[in-house]
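Student: I am new to this structure and would like to learn how its features get their names. Please show me the picture, and then I will ask my questions.

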Amino acid sequence: MSKKKLEEEIKAANVMAATDPKYHGKSKLKVRVGEVAMAMIGAVIFSFASICVMIPNGLTCGGTAGLARMVQHYTNWNYSLISYGFAGVILLIVWLMLGFREARKIILLSVTYPTVYAIFEITGYEFKSDDLFLCSCFCGVCFGICNGLTFKAGYSSGGADSIAKVIKYKKLQHVGLNDITFIINAGVVVISAFVFSLDTALYALITMFISMKVGEAVMYGFNDKVVQLDILTDIPDELCDYVMYELGRGVTSVEKIGEYTGEKRKQLQILCSPRESFLIKRFLAKHDQHSFVTVLRVSSVWGAGRGFQDINEME
């Protein structure tokens, strides 16, 4: 087979991959239904842990769920009703500050979470235990599974992460989104120590830590917390803008030459968290399905002031 004919067949296969749903084995509709189902499953798991385990055992957590627990503590209102209020306020803020494009990402779960809360409240199921440590661990696992499934599905719960996004793009563009979200969650936990007790706040920290680790495992598998992405794409400039200005990460580029075609292309190298790498994957799947990405595990990264471990600190 000649080189020219081979190139023509490769080009034809790429066109088929981009235009024929059957080529991928799934239609866009099936993919969309799968994503919605994944988000719904996550909502049910989160709601069960919150209504049936967390609240009956007097526990709390970070984010807007923790704020709702505080309001419930003082008012004795239904948790689902309070959650509806928070969801509506956050949805309105995101819509006004970031536009409808961002708001529509949280509409589905902003309605779903309080609704499922209400269903579990009606059932009256409660699982109380004398071992609050195990209860906090169980809640952390459930919350982590929910967050991982929700994020993989491409949705947002409309909680602390949405507020963090507003703060980042309006006031603190130089600060990472994960850092802002962590500060919000940690602040809610600190306040809960005064509203409930110090023990309750410490259990909430355990829940948050387990949730974070389990969420990363669900999204990316049991890999290291830092990964290196080597990317060849037809939209390097668009990807650079997304990584630098949306995710707040740095990008290194080098020129590569394909020995077969002799074509020069720009290869991008990015160091980021597993969560951010999944965002990059979704961006490329949407804008350039023919990108070539190599994912490498990184045991440690040193670099003062760059969002990684300080080079002056000991391992």
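Tutor: Let's begin with helices and strands, which are DSSP runs: helices (H or I) have at least four residues, strands (E) at least two, and both are numbered from the N terminus. By that rule the protein has twelve helices and four strands. This is a predicted model, in which local features need pLDDT of at least 70, side-chain atom pairs count only at pLDDT 80 or more, and totals for chains, interfaces and linings use all residues. Residues are numbered from 1 along each chain as its sequence is written, and side-chain values use heavy atoms, with hydrogens and water left out.

Student: How do you know whether Cys139 is buried or exposed?

Tutor: Buried means under 20% relative accessible area, exposed means over 50%, and partly exposed is in between (1.4 Å probe, protein chains only). Cys139 has 1% relative accessibility, so it counts as buried. Cys240, with a relative accessible area of 13%, is buried too. Across the 315 residues of the protein, 39% count as buried.

Student: How many disulfides does the structure hold?

Tutor: There are zero disulfides. Take Cys139: the nearest cysteine sulfur belongs to Cys142 and is 6.6 Å away.

Student: What makes Arg282 and Glu35 a salt bridge?

Tutor: The rule asks for a side-chain nitrogen of Lys or Arg within 4 Å of a carboxyl oxygen of Asp or Glu. By this rule the count comes to four salt bridges. Between the side chains of Arg282 and Glu35, the N to O distance is 3.7 Å, so the pair qualifies. This pair links distant parts of the chain, with Arg282 in helix H12 (residues 274-287) and Glu35 in helix H3, 247 residues apart. Arg282 is partly exposed because its relative accessibility is 31%, while Glu35 is buried at 15%.

Student: Where do Arg265 and Asp234 lie, and what brings them under the rule?

Tutor: Their side chains meet at 3.1 Å, N to O, which makes a salt bridge. Arg265 is in strand E3 (residues 264-272), and Asp234 is in the loop between strand E1 (226-232) and helix H11 (236-247), 31 residues apart. With a relative accessible area of 55%, Asp234 is exposed, whereas Arg265, at 26%, is partly exposed.

Student: Which salt bridge does Asp237 form?

Tutor: Its side chain meets that of Lys266 at 3.8 Å, N to O. Here Asp237 belongs to helix H11 and Lys266 to strand E3, 29 residues apart. Both ends are partly exposed: Asp237 has 49% relative accessibility and Lys266 has 35%.

Student: What makes a set of residues a nonpolar core?

Tutor: The name applies to buried Ala, Val, Leu, Ile, Met, Phe, Trp, Tyr and Cys residues joined through side-chain atoms within 4.5 Å. In this model the largest such core has 26 residues, and Phe46, Met54, Tyr79, Tyr113, Tyr117 and Phe143 have the most contacts inside it. Helices H3 (28-54), H4 (63-75), H5, H6 and H7 (132-152) each give two or more residues to this core. H3 supplies the largest share, eight residues. Apart from this core lies another, of 19 residues, including Tyr242 and Ile270.

Student: Which residues is Met54 in contact with?

Tutor: Contact means heavy atoms within 4.5 Å. Leaving aside neighbours within four places in sequence, Met54 touches Leu59, Arg69, Tyr79, Cys139 and Phe143, among others.

Student: Why are Tyr84, Trp95, Phe100, Ile107 and Val111 called a nonpolar patch?

Tutor: Patch residues have over 30% relative accessible area and no salt bridge; like charges are joined within 9 Å, and nonpolar side chains (Val, Leu, Ile, Met, Phe, Trp, Tyr) within 5 Å. Trp95, in helix H5, has 43% relative accessibility and so counts as partly exposed; that value is over the 30% limit. Together the five residues Tyr84, Trp95, Phe100, Ile107 and Val111 have about 460 Å² of accessible area (Shrake-Rupley method, 1.4 Å probe, with only the protein chains shown counting as cover for residues).

Student: Which helix gives the largest share of the nonpolar patch?

Tutor: That is H6, with three residues. Helix H5 (79-98) and helix H6 (100-123) each supply at least two.

Methods
Disulfide = S-S within 2.5 Å.
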